[in-house]
Amino acid sequence: MSIKRNFSRAGLCALFMCSFGPASAQQLGPAAAAASAGPGDSSGEFRSLDQDVQSLKDEVLSLNRDLFLLEEELLFPANSQVAFYISMDVGEYFELDSVNLKIDGKEVANYLYTERELGALLRGGVHRVHMGNLKVGEHELVAVFTGHGPNVREYRRGATMNFSKGIGAKYLELEITDRISKQQPEFAIKEWE
Amino acid sequence: MRRMRIALLGVLLAAMPGLFAASSLASSGLAGQPAPDFVLKSARGTNLRLSEYRGNVVMINFWATWCGPCRQEMPLLNDLYSRYGRVGFSLLGVNIDDDSRRAMDMAEELGVTFPVLFDERKEVSRLYQVEAMPVTVLVDRTGKVRHVHLGYKPGYEEKYLTEIRALLRE
(Lines give C-alpha, C1' and ligand atoms only; values in the text may rest on other atoms or scores of the structure.)
Protein backbone atom coordinates (compact mmCIF):
# COMPACT_ATOMS: atom_id res chain seq x y z
CA MET A 1 0.00 0.00 0.00
CA SER A 2 2.74 2.47 0.90
CA ILE A 3 4.66 1.61 -2.28
CA LYS A 4 1.58 2.27 -4.35
CA ARG A 5 1.02 5.58 -2.54
CA ASN A 6 4.65 6.63 -3.08
CA PHE A 7 4.48 5.68 -6.73
CA SER A 8 1.31 7.64 -7.25
CA ARG A 9 2.79 10.65 -5.46
CA ALA A 10 5.94 10.48 -7.61
CA GLY A 11 3.80 10.18 -10.70
CA LEU A 12 1.74 13.17 -9.72
CA CYS A 13 4.90 15.22 -9.05
CA ALA A 14 6.36 14.25 -12.40
CA LEU A 15 3.13 15.13 -14.10
CA PHE A 16 3.11 18.48 -12.30
CA MET A 17 6.73 19.26 -13.25
CA CYS A 18 6.12 18.39 -16.88
CA SER A 19 3.06 20.61 -17.09
CA PHE A 20 4.87 23.55 -15.50
CA GLY A 21 8.07 23.40 -17.51
CA PRO A 22 6.92 24.08 -21.02
CA ALA A 23 4.64 26.92 -19.84
CA SER A 24 7.58 28.58 -18.16
CA ALA A 25 9.61 28.11 -21.26
CA GLN A 26 6.82 29.69 -23.24
CA GLN A 27 6.62 32.60 -20.81
CA LEU A 28 10.33 33.15 -20.90
CA GLY A 29 10.55 32.77 -24.64
CA PRO A 30 8.81 35.92 -25.79
CA ALA A 31 10.47 38.01 -23.05
CA ALA A 32 13.85 36.66 -23.95
CA ALA A 33 13.12 37.23 -27.59
CA ALA A 34 12.03 40.79 -26.86
CA ALA A 35 15.06 41.41 -24.69
CA SER A 36 17.41 40.21 -27.35
CA ALA A 37 15.67 41.99 -30.25
CA GLY A 38 15.02 45.50 -28.62
CA PRO A 39 18.46 47.09 -28.32
CA GLY A 40 19.47 45.95 -31.76
CA ASP A 41 16.42 47.45 -33.47
CA SER A 42 16.54 50.85 -31.70
CA SER A 43 20.29 51.31 -32.28
CA GLY A 44 19.70 50.57 -35.91
CA GLU A 45 16.96 53.18 -36.01
CA PHE A 46 19.15 55.80 -34.34
CA ARG A 47 21.96 55.10 -36.79
CA SER A 48 19.74 55.63 -39.78
CA LEU A 49 18.22 58.81 -38.26
CA ASP A 50 21.70 60.18 -37.65
CA GLN A 51 22.65 59.43 -41.22
CA ASP A 52 19.53 61.20 -42.44
CA VAL A 53 20.34 64.26 -40.35
CA GLN A 54 23.93 64.33 -41.60
CA SER A 55 22.88 64.07 -45.21
CA LEU A 56 20.30 66.84 -44.69
CA LYS A 57 23.02 69.04 -43.21
CA ASP A 58 25.27 68.36 -46.19
CA GLU A 59 22.47 69.27 -48.53
CA VAL A 60 21.77 72.51 -46.70
CA LEU A 61 25.44 73.50 -46.79
CA SER A 62 25.74 72.72 -50.44
CA LEU A 63 22.53 74.64 -51.18
CA ASN A 64 23.81 77.62 -49.22
CA ARG A 65 27.03 77.59 -51.21
CA ASP A 66 25.17 77.37 -54.53
CA LEU A 67 22.85 80.21 -53.56
CA PHE A 68 25.79 82.41 -52.61
CA LEU A 69 27.51 81.78 -55.94
CA LEU A 70 24.28 82.34 -57.82
CA GLU A 71 23.68 85.59 -55.99
CA GLU A 72 27.16 86.79 -56.89
CA GLU A 73 26.68 85.82 -60.51
CA LEU A 74 23.31 87.57 -60.70
CA LEU A 75 24.38 90.75 -58.91
CA PHE A 76 27.92 90.98 -60.31
CA PRO A 77 28.03 89.02 -63.57
CA ALA A 78 31.64 88.29 -64.49
CA ASN A 79 31.42 90.00 -67.86
CA SER A 80 30.35 93.39 -66.40
CA GLN A 81 32.13 93.03 -63.05
CA VAL A 82 34.62 95.65 -61.95
CA ALA A 83 36.48 95.62 -58.64
CA PHE A 84 38.78 98.13 -56.95
CA TYR A 85 41.44 97.21 -54.42
CA ILE A 86 43.54 99.32 -52.03
CA SER A 87 47.09 98.45 -51.12
CA MET A 88 49.65 100.33 -49.10
CA ASP A 89 53.39 100.30 -48.98
CA VAL A 90 53.94 103.29 -46.76
CA GLY A 91 55.54 103.95 -43.46
CA GLU A 92 56.49 107.51 -42.90
CA TYR A 93 54.75 109.81 -45.28
CA PHE A 94 51.07 109.01 -45.13
CA GLU A 95 48.54 107.71 -42.61
CA LEU A 96 45.37 106.82 -44.46
CA ASP A 97 42.03 107.86 -42.98
CA SER A 98 39.51 107.31 -45.76
CA VAL A 99 39.11 106.65 -49.46
CA ASN A 100 36.38 108.04 -51.68
CA LEU A 101 35.76 106.58 -55.14
CA LYS A 102 33.75 108.08 -57.97
CA ILE A 103 33.10 106.41 -61.28
CA ASP A 104 31.89 108.67 -64.08
CA GLY A 105 31.09 111.35 -61.50
CA LYS A 106 28.98 109.09 -59.29
CA GLU A 107 30.17 108.21 -55.78
CA VAL A 108 30.42 104.45 -55.41
CA ALA A 109 32.46 104.04 -52.24
CA ASN A 110 33.43 106.02 -49.18
CA TYR A 111 35.39 103.88 -46.74
CA LEU A 112 36.78 104.88 -43.35
CA TYR A 113 39.77 102.85 -42.16
CA THR A 114 40.24 101.87 -38.54
CA GLU A 115 43.66 101.46 -36.94
CA ARG A 116 43.32 97.71 -37.15
CA GLU A 117 42.51 97.80 -40.84
CA LEU A 118 45.44 100.11 -41.51
CA GLY A 119 47.70 97.71 -39.69
CA ALA A 120 46.51 94.91 -41.95
CA LEU A 121 47.16 97.00 -45.07
CA LEU A 122 50.65 97.87 -43.88
CA ARG A 123 51.37 94.18 -43.36
CA GLY A 124 50.63 93.51 -46.97
CA GLY A 125 46.87 93.10 -46.93
CA VAL A 126 44.80 94.20 -49.91
CA HIS A 127 41.31 95.57 -49.36
CA ARG A 128 38.50 95.27 -51.91
CA VAL A 129 36.94 98.69 -51.46
CA HIS A 130 34.27 98.36 -54.15
CA MET A 131 32.78 95.82 -56.52
CA GLY A 132 30.18 96.76 -59.08
CA ASN A 133 28.96 96.47 -62.66
CA LEU A 134 29.99 98.62 -65.59
CA LYS A 135 29.03 98.67 -69.24
CA VAL A 136 31.59 98.06 -71.92
CA GLY A 137 33.34 101.30 -72.88
CA GLU A 138 35.40 104.19 -71.49
CA HIS A 139 35.01 105.20 -67.86
CA GLU A 140 36.61 107.66 -65.50
CA LEU A 141 37.75 106.80 -61.99
CA VAL A 142 38.48 109.49 -59.43
CA ALA A 143 39.95 108.36 -56.13
CA VAL A 144 40.40 110.79 -53.23
CA PHE A 145 42.63 109.74 -50.35
CA THR A 146 42.27 111.55 -47.03
CA GLY A 147 44.69 111.15 -44.17
CA HIS A 148 47.67 112.66 -42.45
CA GLY A 149 50.80 113.43 -44.41
CA PRO A 150 54.30 114.45 -43.37
CA ASN A 151 54.45 116.39 -40.10
CA VAL A 152 50.99 115.07 -39.19
CA ARG A 153 49.33 117.60 -41.48
CA GLU A 154 45.92 116.81 -42.87
CA TYR A 155 46.38 115.51 -46.33
CA ARG A 156 44.04 115.08 -49.23
CA ARG A 157 45.16 113.79 -52.58
CA GLY A 158 43.31 112.66 -55.64
CA ALA A 159 44.16 110.32 -58.45
CA THR A 160 42.28 110.08 -61.73
CA MET A 161 42.34 107.41 -64.35
CA ASN A 162 40.42 106.77 -67.52
CA PHE A 163 40.06 103.09 -68.17
CA SER A 164 38.43 100.97 -70.76
CA LYS A 165 35.97 98.25 -69.74
CA GLY A 166 35.92 95.40 -72.19
CA ILE A 167 34.26 92.03 -72.13
CA GLY A 168 35.33 90.25 -68.98
CA ALA A 169 35.91 91.31 -65.41
CA LYS A 170 38.12 94.34 -64.65
CA TYR A 171 40.31 94.73 -61.58
CA LEU A 172 42.02 97.97 -60.59
CA GLU A 173 44.46 98.47 -57.75
CA LEU A 174 44.86 101.82 -55.98
CA GLU A 175 48.36 101.81 -54.59
CA ILE A 176 49.77 104.16 -51.95
CA THR A 177 53.55 104.14 -51.72
CA ASP A 178 56.30 106.23 -50.17
CA ARG A 179 58.30 108.36 -52.61
CA ILE A 180 61.50 108.75 -50.68
CA SER A 181 63.07 111.16 -53.17
CA LYS A 182 60.29 113.69 -52.68
CA GLN A 183 59.48 112.64 -49.11
CA GLN A 184 55.85 112.49 -50.09
CA PRO A 185 53.35 109.71 -50.59
CA GLU A 186 52.51 108.68 -54.10
CA PHE A 187 49.14 107.49 -55.33
CA ALA A 188 48.86 105.30 -58.38
CA ILE A 189 46.13 103.32 -60.09
CA LYS A 190 47.05 100.23 -62.00
CA GLU A 191 45.13 97.55 -63.84
CA TRP A 192 45.54 93.89 -63.09
CA GLU A 193 46.11 91.73 -66.13
CA MET B 1 -16.44 123.98 -35.77
CA ARG B 2 -15.62 123.49 -32.10
CA ARG B 3 -17.03 119.97 -32.21
CA MET B 4 -14.87 119.22 -35.24
CA ARG B 5 -11.76 120.44 -33.44
CA ILE B 6 -12.58 118.30 -30.42
CA ALA B 7 -13.17 115.31 -32.68
CA LEU B 8 -9.89 115.89 -34.47
CA LEU B 9 -8.06 116.20 -31.18
CA GLY B 10 -9.67 112.99 -30.00
CA VAL B 11 -8.55 111.17 -33.14
CA LEU B 12 -5.03 112.53 -32.74
CA LEU B 13 -4.81 111.52 -29.09
CA ALA B 14 -6.12 108.06 -29.94
CA ALA B 15 -3.56 107.64 -32.70
CA MET B 16 -0.56 108.85 -30.65
CA PRO B 17 0.03 105.59 -28.71
CA GLY B 18 -0.16 103.73 -32.00
CA LEU B 19 2.34 106.06 -33.63
CA PHE B 20 4.70 105.78 -30.68
CA ALA B 21 4.26 102.01 -30.61
CA ALA B 22 5.07 101.85 -34.29
CA SER B 23 8.23 103.88 -33.81
CA SER B 24 9.22 101.86 -30.74
CA LEU B 25 8.62 98.67 -32.69
CA ALA B 26 10.96 99.90 -35.43
CA SER B 27 14.09 99.90 -33.22
CA SER B 28 13.03 97.09 -30.94
CA GLY B 29 12.64 94.86 -34.00
CA LEU B 30 16.42 94.63 -33.96
CA ALA B 31 16.43 92.58 -30.75
CA GLY B 32 17.70 89.09 -31.49
CA GLN B 33 19.24 90.16 -34.82
CA PRO B 34 22.94 90.65 -35.58
CA ALA B 35 23.84 94.27 -34.86
CA PRO B 36 24.30 96.10 -38.18
CA ASP B 37 27.98 96.93 -38.60
CA PHE B 38 29.13 100.50 -39.08
CA VAL B 39 32.22 102.69 -38.97
CA LEU B 40 32.22 106.33 -37.85
CA LYS B 41 34.77 109.00 -37.04
CA SER B 42 35.28 109.55 -33.33
CA ALA B 43 35.86 112.77 -31.42
CA ARG B 44 39.51 111.73 -31.05
CA GLY B 45 39.92 111.63 -34.82
CA THR B 46 40.16 107.85 -35.19
CA ASN B 47 37.66 105.71 -37.06
CA LEU B 48 35.84 103.13 -34.96
CA ARG B 49 34.09 100.07 -36.38
CA LEU B 50 31.49 98.19 -34.34
CA SER B 51 32.57 94.72 -35.46
CA GLU B 52 36.05 95.32 -34.02
CA TYR B 53 34.46 95.23 -30.59
CA ARG B 54 33.26 91.66 -31.10
CA GLY B 55 34.00 89.75 -27.94
CA ASN B 56 32.97 92.68 -25.74
CA VAL B 57 29.55 93.63 -24.52
CA VAL B 58 28.79 96.87 -26.36
CA MET B 59 26.30 99.57 -25.55
CA ILE B 60 25.44 101.92 -28.41
CA ASN B 61 23.76 105.10 -27.25
CA PHE B 62 22.24 107.41 -29.84
CA TRP B 63 22.02 111.00 -28.58
CA ALA B 64 21.72 114.61 -29.68
CA THR B 65 22.54 117.98 -28.13
CA TRP B 66 18.90 119.09 -28.32
CA CYS B 67 17.72 116.05 -26.33
CA GLY B 68 17.06 116.80 -22.63
CA PRO B 69 16.87 113.16 -21.41
CA CYS B 70 20.18 112.52 -23.17
CA ARG B 71 21.83 115.15 -20.95
CA GLN B 72 20.45 113.36 -17.88
CA GLU B 73 21.45 109.95 -19.07
CA MET B 74 24.99 110.49 -20.33
CA PRO B 75 26.76 111.04 -16.99
CA LEU B 76 25.14 107.84 -15.71
CA LEU B 77 26.31 105.95 -18.79
CA ASN B 78 29.77 107.34 -18.19
CA ASP B 79 29.71 105.83 -14.69
CA LEU B 80 28.85 102.43 -16.17
CA TYR B 81 31.68 102.80 -18.65
CA SER B 82 34.17 103.71 -15.93
CA ARG B 83 33.04 100.79 -13.79
CA TYR B 84 32.90 98.01 -16.38
CA GLY B 85 35.24 99.20 -19.11
CA ARG B 86 38.04 97.08 -17.70
CA VAL B 87 36.08 93.84 -17.77
CA GLY B 88 34.93 93.68 -21.36
CA PHE B 89 32.32 96.41 -21.62
CA SER B 90 32.46 99.07 -24.34
CA LEU B 91 30.24 102.06 -24.84
CA LEU B 92 29.86 104.00 -28.10
CA GLY B 93 27.97 107.28 -28.03
CA VAL B 94 26.64 108.04 -31.50
CA ASN B 95 25.75 111.68 -31.95
CA ILE B 96 23.40 112.64 -34.75
CA ASP B 97 23.76 116.43 -34.74
CA ASP B 98 24.46 118.17 -38.05
CA ASP B 99 27.32 120.06 -36.39
CA SER B 100 29.79 117.81 -34.59
CA ARG B 101 31.42 120.73 -32.77
CA ARG B 102 28.31 121.28 -30.64
CA ALA B 103 28.36 117.60 -29.77
CA MET B 104 32.02 117.75 -28.75
CA ASP B 105 31.33 120.79 -26.55
CA MET B 106 28.46 119.05 -24.82
CA ALA B 107 30.43 115.84 -24.30
CA GLU B 108 33.26 117.83 -22.75
CA GLU B 109 30.84 119.78 -20.56
CA LEU B 110 29.29 116.55 -19.26
CA GLY B 111 32.71 114.99 -18.63
CA VAL B 112 32.10 112.04 -20.98
CA THR B 113 35.07 109.69 -21.36
CA PHE B 114 33.56 107.00 -23.59
CA PRO B 115 34.08 107.27 -27.34
CA VAL B 116 31.78 109.75 -29.06
CA LEU B 117 31.11 109.07 -32.73
CA PHE B 118 29.60 111.44 -35.27
CA ASP B 119 26.78 110.33 -37.53
CA GLU B 120 26.27 113.62 -39.36
CA ARG B 121 24.85 111.89 -42.41
CA LYS B 122 22.39 109.96 -40.18
CA GLU B 123 23.30 106.73 -41.98
CA VAL B 124 23.85 104.71 -38.81
CA SER B 125 20.77 106.05 -37.07
CA ARG B 126 18.76 105.03 -40.14
CA LEU B 127 20.39 101.61 -40.04
CA TYR B 128 19.27 101.24 -36.43
CA GLN B 129 15.83 102.71 -37.21
CA VAL B 130 16.24 105.43 -34.61
CA GLU B 131 13.16 107.62 -34.58
CA ALA B 132 13.25 109.09 -31.09
CA MET B 133 15.99 110.17 -28.68
CA PRO B 134 17.76 108.67 -26.90
CA VAL B 135 17.99 105.06 -28.01
CA THR B 136 20.21 102.61 -26.17
CA VAL B 137 21.13 99.31 -27.78
CA LEU B 138 22.95 96.49 -25.97
CA VAL B 139 24.95 94.07 -28.10
CA ASP B 140 26.31 90.84 -26.70
CA ARG B 141 29.76 89.35 -27.20
CA THR B 142 28.68 87.49 -30.34
CA GLY B 143 27.47 90.69 -32.00
CA LYS B 144 23.76 90.09 -31.47
CA VAL B 145 21.38 92.83 -30.34
CA ARG B 146 19.93 91.74 -27.01
CA HIS B 147 18.16 94.80 -25.59
CA VAL B 148 16.81 98.03 -27.01
CA HIS B 149 15.70 100.89 -24.78
CA LEU B 150 13.75 103.78 -26.19
CA GLY B 151 13.95 107.08 -24.37
CA TYR B 152 15.26 107.63 -20.87
CA LYS B 153 13.57 107.97 -17.50
CA PRO B 154 15.31 108.09 -14.12
CA GLY B 155 15.76 104.50 -13.00
CA TYR B 156 16.55 103.12 -16.47
CA GLU B 157 20.20 102.98 -15.46
CA GLU B 158 19.31 100.22 -13.00
CA LYS B 159 17.93 98.15 -15.86
CA TYR B 160 21.09 98.81 -17.86
CA LEU B 161 23.20 97.69 -14.93
CA THR B 162 21.31 94.40 -14.58
CA GLU B 163 21.48 93.70 -18.30
CA ILE B 164 25.16 94.57 -18.64
CA ARG B 165 26.12 92.38 -15.70
CA ALA B 166 24.11 89.47 -17.13
CA LEU B 167 25.72 89.83 -20.55
CA LEU B 168 29.21 90.11 -19.05
CA ARG B 169 28.63 86.86 -17.20
CA GLU B 170 27.75 84.97 -20.38
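Q: What makes residues count as being touched by Phe62(B), and which ones are they?
A: In this predicted model, two residues are in contact if their C-beta atoms, placed from the backbone, lie within 7 Å. Leaving aside residues up to four places away in sequence, Phe62(B) touches Val94(B), Ile96(B), Ser125(B), Tyr128(B), Val130(B), Met133(B), Pro134(B) and Val135(B).

Q: What makes Phe62(B) stand out in the largest nonpolar core?
A: This core has 44 residues, and Phe62(B) is among those that touch the most other members, along with Val58(B), Ile60(B), Val94(B) and Val137(B).

Q: Which residues does the second, separate core include?
A: Leu101(A), Tyr113(A), Leu118(A) and Leu174(A) are among its 16 residues.

Q: How do you know that β1 and β7 of chain A pair, and in which sense?
A: Pairing needs at least two bridges. Strand β1(A) (residues 81-89) and strand β7(A) (residues 170-179) have eight, so they pair, and they do so in the parallel sense. Within this pair, Tyr85(A) stands opposite Glu173(A).

Q: What joins β7(A) to β8 of chain A?
A: Eight bridges link β7(A) to β8(A) (residues 184-191), and these two strands run antiparallel. Leu174(A), for instance, has Ile189(A) in β8(A) as its bridge partner.

Q: Why is the pairing in the sheet of chain A called mixed?
A: Strands of a sheet may pair either parallel or antiparallel. Here β1(A) and β7(A) pair in the parallel sense, whereas β1(A) and β4(A) pair in the antiparallel sense over seven bridges, with Ile86(A) opposite His127(A) in β4(A). The open sheet has four strands in the order β4-β1-β7-β8, and its pairing is mixed.

Q: What makes β4 and β8 of chain A the edges?
A: Each has a single partner strand, so one side of β4(A) (126-133) and one side of β8(A) are left without a neighbour in the sheet. From one strand to the next, the twist averages 15 degrees.

Q: How many residues of chain A are in contact with chain B?
A: Six residues of chain A contact seven residues of chain B. On the chain A side, three are charged, two are nonpolar and one is polar.

Notes: Residues numbered from 1 in each chain as written. Chains lettered and ligands numbered in written order. Predicted model: local features only at pLDDT ≥ 70, side-chain atom pairs only at ≥ 80, totals over all residues. Nonpolar A, V, L, I, M, F, W, Y, C, P; charged D, E, K, R; others polar. Core = buried A, V, L, I, M, F, W, Y, C linked by C-beta atoms within 7 Å. Buried ≥ 20, exposed ≤ 12 C-beta atoms within 10 Å, placed from the backbone. Axes fitted to C-alpha atoms, helices over the stretch in contact; angles between N-to-C directions.
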